[in-house]
Amino acid sequence: MSTRTPGGVPGNPDVTALLADLRAATASVRAVAAQQEQERQAFAAQTARQEEERAKAARAGELGPDWRTLQQRIDLGQTSLAAILAGADEHPAAQRVLDHAMDRMVEIREEIVTALAQDDAVDPRRERPAGADEVVSAAADAQAAADEIARTLARLRERAVEDGGADPFGRGPLA
């Protein structure tokens, strides 16, 4: 028995069915890709709005004098939020903001660990919420990484002082 493919050409029914399946799968993949692109765009728009709100608050001094200074530097193109958060911006205000963020991470980790320990003390038989152990483990890993970063920065600063204030990355004297 001969059937016609969608293009009107006689063909094998098995091939015709496979082509239909392939078209359906392709349409499904395209739909998923379109949905993901919409979600990515929505996330990017939300992130941009949040960043603008943060920048506005920083300019107004609502986040403190260090953030005001840093936002002025961001606005002038002298730094970026990414550079500040990555520790690449060596401005004293950036260092203080980063130090404060690291301190807050430690505090939050301690709060999580304490809350979980209290839950265990109240009813040790009760099951922890899904992912609780992973959160504690991730917090411990983040703390260890933060400690290592702090130790590395301290060593770099000590070396710079020993070298007469030279930047360990060869960019000139440290300010």
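This is a predicted model: local features need pLDDT of at least 70, side-chain atom pairs count only at pLDDT 80 or more; totals for chains, interfaces and linings use all residues.

Trainee: What percentage of the 175 residues is buried?

Mentor: A residue is called buried under 20% relative accessible area, exposed over 50%, and partly exposed in between, using a 1.4 Å probe and protein chains only. Here buried residues make up 18% of the 175 residues.

Trainee: At what angle do the axes of α1 and α2 cross?

Mentor: Axes are lines fitted to C-alpha atoms, for helices over the stretch in contact, and angles run from 0 to 180 degrees between N-to-C directions. The axes of α1 (residues 13–59) and α2 (residues 65–75) cross at roughly 120° and come within 8 Å. Contact means heavy atoms within 4.5 Å, and the contact here is made by Arg54, Ala55, Ala58 and Arg59 of α1 together with Trp67, Arg68, Gln71, Ile74 and Asp75 of α2.

Trainee: Where is leucine 63 found?

Mentor: Leucine 63 sits in the loop between α1 and α2, and it is partly exposed because its relative accessible area is 39%. If neighbours within four places in sequence are left aside, leucine 63 is in contact with Arg54, Ala57 and Ala58.

Trainee: Which residues does arginine 109 contact, leaving aside its neighbours within four places in sequence?

Mentor: Arginine 109, which is found in helix α4, is in contact with Ala139, Ala140 and Gln143 once those neighbours are left aside. Its relative accessible area is 25%, so arginine 109 is partly exposed.

Trainee: How much space lies in the second largest pocket?

Mentor: Rolling a probe the size of a water molecule over the atoms shows where empty space is left. On a 1 Å grid over the protein atoms alone, a pocket is an open set of points where a 1.4 Å probe fits, with protein on both sides within 12 Å along at least five of seven lines, and lining residues have an atom within 4 Å of a point. The second largest pocket holds about 180 Å³ of space, and of its 14 lining residues the closest to the centre are Asp99, Met102, Ala146, Ile149 and Ala150. Helix α5 gives the most to this lining, with eight residues.

Definitions and conventions:
Residues are numbered from 1 along each chain as its sequence is written. Side-chain values use heavy atoms; hydrogens and water are left out. Grid points are joined across faces, edges and corners, and a volume is the space filled by probe spheres set on the points. Helices (H or I, at least four residues) and strands (E, at least two) are DSSP runs, numbered from the N terminus.
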